[in-house]
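Please consider the backbone geometry of the model shown below.

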Amino acid sequence: MMQVSQKRYFLPTFLLLLSFIACPTYAFEEQKPRIVVLTDIAPGNIEPDDMESMVRLMVYADQLEIEALITTIGWNCDPYPAEWADSLYRVIDAYEKDVPHLMKRSGQKGFLPLKEEQSKQLTGYWPSPEYLRSRVAMGSQHAGIARIGKDNDTAGSELIIKLVDEDDPRPLWVACWGGGNTLAQAIWKVKQERSEEALKKFLNKLRVFTITDQDMVYAMRMNRAYSSHQWMRKEFADDLLFIWDESAWLSQNELGSKQWEQYAQRIQGKGNLGKAYPTYKWGVEGDTPSFLHVLPNGLHSPDQPEQIGWAGCSKRGICPDSLTTAWTNWQQPQKSISRAYEERFYPAVFNDFAARMEWAEKGQGNRNPVVIVNGSQGTKPIEISAHQSETVKLDAAHSFDPDGDHLSFKWWIQSDAGHCPADLTLEQQGGKANVSLPQWKGNEEIHVICEVTDDGDIPLCSYRRIIISCKSGD
C-alpha cells in the first residue's frame, strides 16, 4: 500500500521554496487548490478521453496541488485493468521531459525535496515528476454501491482518507473522470469507524465534481440506483458538496470534436506532452471541466457553483434520478444557461491551453494578464458593501501584462448569480467602470466580472469577480 507522509507546515519550508524558485514580481503568493483525480485512463486506441485530459492537467500543475491520481472504473471497464495505468505513467514521463520548459513560465529553477513538496504548494510551483509518481494509486476496480464494504478498501480509498485528515484548512476537491466508487469506499469506512460528528467534519472537507455518473458500465447508465454516487448524494446531502455535471462535459466533447483541427495543429506534437496527446474517438477531453472548475483564474469561487466559471455553472436541485439533490445543470433553464457560458468561454479556455503547450515545447510563450481591481491583486472575489442609489467605482487600470502586451478590458454582470435589476447601470471606459445602484427594498448582491485580455500571439484572458452587497437602508 502506498505511503504518503503527513504534510508539515513551518516557516523554513516557505524560505526553502523561495530558494528553489525565482518568483517574478507578478506571481501571486496564493496556495493552490487541492485536487484528487479518479480516472479510468486507458490506452489511446481504447479510450483516449482521459489521456487527453491528463495531458491538459499536467500543463496546469503549477495552478493545482495534485494530491492524488487514482485509477478506477468507468463506463468502459468493469473490472478496471491494472495495466491501463501505464497510460498515466506515460503522461507523467512526458511531463518529466517538458517540465524544464514549463518551469520557465514562472521562473522556477529547481524542485523542492520530495518531503517538502508535500507541504502547501504556492501558485506557480511546478511539482517534480517524482512527486507526481508518488501520488499515483490504484482505486476500486469494480463499480456499484453493492461493492462498497469491508472488503473493498484500496490504496486509493486509504489515500483519500489520509489526505482529508491532514492538518490543512483547504478543501479537497475530488474530480471524478470515471466512477466515484473509490471515494464512496473512503466515506463508508470513515462512517463505520468514527462518530457522527467526526464523519460530518470529514465530509465538510470534501468537494466532489462528477462528470456524469460513470459508476457502472455504459449500457446500464440509466440505472441510477446501481451507482455509489446516488448513495453519497442521498446519505450525505447536507454535508457533502456534490456537483453532478451534465452540461460542460457534453459541450467540451462536442465543441472539441467540431474544432479538432485546432487540437491537431496546436496541441498534438507540441513537446513531449503533445506527442502523448491522442486523437479523439468519442469526444475531446470530456473530463477536463472537472478541474477547469477548480482553476484559480479569478472568474469564480469553486465553492459557489452558481457562479459562472470555465466549467459552466450549476444550481442546487433535484438530480436526474428524481430522488436526490445536488448541484447540477441537467434541467432547463439551467442547462441552457450553463451551455451559453461554456460556448462563450471556449475560445479563451482553448487559447489558455494552447499557450501552455507552447511553453512545454519551447520554454517560452505568452502569459496571462494580472488583474488588479481597486488595488487588490489575487484571484479571490472582491466583496464591496454599498447602499441603494450609490455609485460603486471600480478601477482595474493598474492591471498589467507580464510580457508587456496591450490589455483590453470588458466589464459585465453575471445576472443569473445574485440579482440584476432592470434599472441597474454599468458604465465602462477602458480599465474603469461605474456601477450605479437603483432603489429597492431588501438586500441584494450584484456580481460584476472584470475580463482582461492581452494582444499576444495567442491572446489570453484573466478575470476578477466583484460582489457588491447592496443594502436598502430600511
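Predicted model: local features only at pLDDT ≥ 70, side-chain atom pairs only at ≥ 80, totals over all residues.

## Background

Most peptide bonds are trans, and most residues other than glycine have a negative phi. The sites below are set against that background.

## Cis peptide bonds

D78 and P79 are joined by a cis peptide bond, with omega at about 10°. P79 is placed in the loop between β2 (65-71) and α3 (86-102).

A cis peptide bond also links Q332 to P333, and here omega is about 5°. The loop that holds P333 runs between β8 (325-328) and α14 (334-362).

## Positive phi at E285

E285 is a residue other than glycine, yet its phi is positive, near 55°. The residue belongs to the loop between α12 (271-275) and α13 (289-292).

Is E285 buried or exposed? Its relative accessibility is 0%, so E285 counts as buried, the cut-off for that class being under 20% relative accessible area.

## Positive phi at S389

S389 is not a glycine either, and its phi is positive at about 70°. S389 occurs in the loop between β11 (382-387) and β12 (391-395).

What is the relative accessible area of S389? The value is 44%. Because the partly exposed class lies between the buried limit of 20% and the exposed limit of 50%, S389 is classed as partly exposed.

## Summary of the sites

The cis bonds are D78 to P79 and Q332 to P333. Positive phi values are found at E285, which is buried, and at S389, which is partly exposed.

Note on methods: Residues numbered from 1 in each chain as written. Heavy atoms only, no water. Helix = DSSP H or I, 4+ residues; strand = E, 2+ residues; numbered from the N terminus. Buried < 20%, exposed > 50% of the residue type's maximum accessible area, 1.4 Å probe, protein only.
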